[in-house]
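Please keep the structure in view while reading.

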Amino acid sequence: MKEKKSFLTFISENTFIHILLSILLGFLVGAVFLAIMGLSVGAAYGRLINSVTSLKGFTYVVVYGVPYIVAGLSVAFSFKTGVFNIGAEGQFVVGAMGAVVTSLLLPSLPKFLLVPLCFLAAMAVGAFWGILVALLKTKRGINEVLSMIMFNWIAFYLSNYIAGLPGIKNEGSAEATKNIAENASLLFSKDYIKSAGVAPTFNWGFIIAILITLLVWMIIEKTTLGYELKAVGANKYAAEYGGINVNRSIMTALGISGAMAGLAGALLVMGMGQRISIFSSQEGYGFAGIVVALIGCSNPFGVFVAGLFYGALIYGGSKLNLVGAPTQLINVIVGTVVFFISISTIFRYVRYLKRDPAKAKSGKEGAKA
Amino acid sequence: MTDFINSLGIVLYATLIYATPLLYAALGSCFSEVSGVVNIGIEGMMTAGAFTGTVVAYFTGNPWIGFICGGLAGALFGALHALATVKLGADQTIAGTAINMLGPGIVIMLAKVLFNSTDTIPLDATQKIPKLFSGMFDTTTVWGRFFDNVFANYVSTYLVFIAVIVVWFVFYKTRFGLRLRACGEHPQACETLGINVIGMRFLCVVISGFLAGLGGACVTMTISTQFRPISIVGQGFIAIAAVIFGKFRPQGALIGCLLFGFCSGLKVVLGGSSLVSMHLISMIPYVITILVLMLFVGRSRVPAANGKPYVKSK
């Protein structure tokens, strides 16, 4: 009994351990599904590991991971401030389009101007998309989850519409925009890519991702703004009583979160994508951002690692059909991981009860259940 | 005039068939949210239902067994969500996100195993949900065609309208409904009155999954004839939006779903002409929703205990 108790406390005190345990369980459930389908677990997981551990594979993981990291940071930032930014998807999409349009309008600008300009454009439209929702919430009392879902779809169709406009649409048969101006591209030079043997889409994006991770950490932990936003997230009534303007905080939080989601979109098109296709359904980078934020425990550094992990799963997963295993296995694994992360609260709850001697008895019963 | 009546008939037909799956899912969402459990896993539960419905109908040849099994598949994921959120006090949004990944992940894998493809084999006409009053109207006349379009509709559509009335009755005219709503407002008070809050919420989330599963099955067994990975793209979220729009009442959700259905119907009719971009037309439902909310609906009051895990105190 005593041993069990200490194990629970151990897990509840170590978010890191709990998340590792969840990931382990995710792969375990994945293995069960593979076994049920009569596929070799070793072959599938071996393929997954092999495809991400070579130099080329690892650089692919970084390339895939960058948009997930920044989208994850966007959602994590909103979590910290008490808003659930399910609208990151839409902000991501308009941000990507903002970057593409900017680069196509000003293709002759030198790189050192055009790249930051594209970033700024993406962040501005992303922030605008987020602030719209905040305005609807604070001025008209409209539920933010509802308007975010609507704005996700509006962004999606708007992007498809703009991608089909003359001057933006690809001249070829592809249902996509033109490629972004060369000076807006973050790709490393072809010579370097060839000589170093890295992924052909390897780009500067990861440096931006590192910078943004540090920046988010700074804002949340080291600034008055971050303190105020966190206070609103923790208890908005207390924050208001303490003299914080709650409505303005929600606006700021969604603005910053939206700007980051927009930037994530820009990083995708200026790095790996180079153009935007006309899609039949949402791509889901924003929704993936939610998952990444959850796995990363809303901690900026955690999100960075989680984004790489997610990128590795997506890239590795795309190679799974080579061994006859379905790519969807990745969704099952990640879904299971998130499922077990969601019940982390039970461990924390058990610990909370144990701290309170009056409730200690029911705490033990809770642990058994 | 004739053209107008024809178009109107087609729009109404499309409104009804597109609103039906949303409405099943929205009623499900009502059950869960009103009892106090946020369920954004509706999307994943619909996907499970959409796949199971067609597969069972394909193998048994009976659409009704397929339809019910679609509901049961949704209920299974509902039970998973309930286990995490109601029994284990999980974060409801996170658990819902997990369901949205697990649902499609598992069924698409199963599709690969069963059909060696991510799509299922299309159902033939006898395996689809049948239409009621089909062939009753004389389609050579204008009004005949109109009535044929509007009333010769899938049985599932008629059923869902009955379901709205039943759910409304259960919510507001029965003891069960009163308790259900109380669980979402003040679970502690319910417990002191001897209501089993945990049990109520568990049941409601399972019902929610069952209805969402039925909604998913409607998509693949009426609008289309097979399950594809893009069968359910956002309908679950739209259903949730309709519920918030309808202020967490079944009758309000009905209006929300009809609005979305109507806009989809408009898209079908206007899509034929190339005057306006298809993409802009597709945007209409979402823009209208925002406008309606801004101008007429405004604040939507969420059940007080919604989203808060309830832990029984002893």
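Predicted model: local features only at pLDDT ≥ 70, side-chain atom pairs only at ≥ 80, totals over all residues.

Residues are numbered from 1 along each chain as its sequence is written, while chains are lettered from A and ligands numbered from 1 in the order in which they are written.

**Helix packing in chain A**

- The axes of α14 (residues 300-318) of chain A and α15(A) come within 9 Å and cross at roughly 155°, where axes are lines fitted to C-alpha atoms, for helices over the stretch in contact, and angles run from 0 to 180 degrees between N-to-C directions.
- α14(A) and α15(A) are therefore roughly antiparallel to each other, since angles over 145 degrees count as roughly antiparallel, those under 35 as roughly parallel, 65 to 115 as roughly perpendicular and the rest as oblique.
- On the α14(A) side the contact is made by A:L313, A:I314 and A:G317, and on the α15(A) side by A:L329, A:I330, A:I333 and A:V334; two residues are in contact if their C-beta atoms, placed from the backbone, lie within 7 Å.
- By class, this contact of α14(A) with α15(A) has 6 nonpolar, 1 polar and no charged residues, with Ala, Val, Leu, Ile, Met, Phe, Trp, Tyr, Cys and Pro counted as nonpolar, Asp, Glu, Lys and Arg as charged, and the others, Gly among them, as polar.
- Helices here are DSSP runs (H or I, at least four residues), as strands are (E, at least two), and both are numbered from the N terminus.

**Domains of chain A**

- The domain assignment of chain A, which is automatic or from a database, gives domain 1 (1-37 + 327-369) and domain 2 (63-325).
- Between these domains of chain A, 11 residues of domain 1 are in contact with 11 residues of domain 2.
- On the domain 1 side, α2 (15-36) and α15 of chain A each supply at least two residues, and the largest share, 7 residues, comes from α15(A).
- That side of domain 1 of chain A has 9 nonpolar, 2 polar and no charged residues.

**Where the chains meet**

- In the complex, 43 residues of chain A are in contact with 43 residues of chain B.
- Among the elements of chain A that give two or more residues to this side are α6 (111-140), α7 (144-163) and α15 (329-342), and the largest share, 11 residues, comes from α7(A).
- The side of chain A that touches chain B has 27 nonpolar, 15 polar and 1 charged residues.

**Helix packing in chain B**

- The axes of α1 (residues 2-34) and α10 (residues 235-245) of chain B come within 8 Å and cross at roughly 60°, which makes α1(B) oblique to α10(B).
- The crossing of α1(B) and α10(B) is right-handed.
- α2(B) also passes α10(B) in a right-handed crossing, and B:I42, B:E43 and B:M46 in α2(B) meet residues of α10(B) including B:Q235 and B:F237.

**Confidence**

- Chain B has a mean pLDDT of 88, with 96% of its residues at 70 or more, pLDDT being the predictor's confidence in each residue, from 0 to 100.
- For the complex, the predictor gives an ipTM of 0.87 and a pTM of 0.87.

Note on methods: Left-handed = near helix turned anticlockwise from the far one by under 90°.
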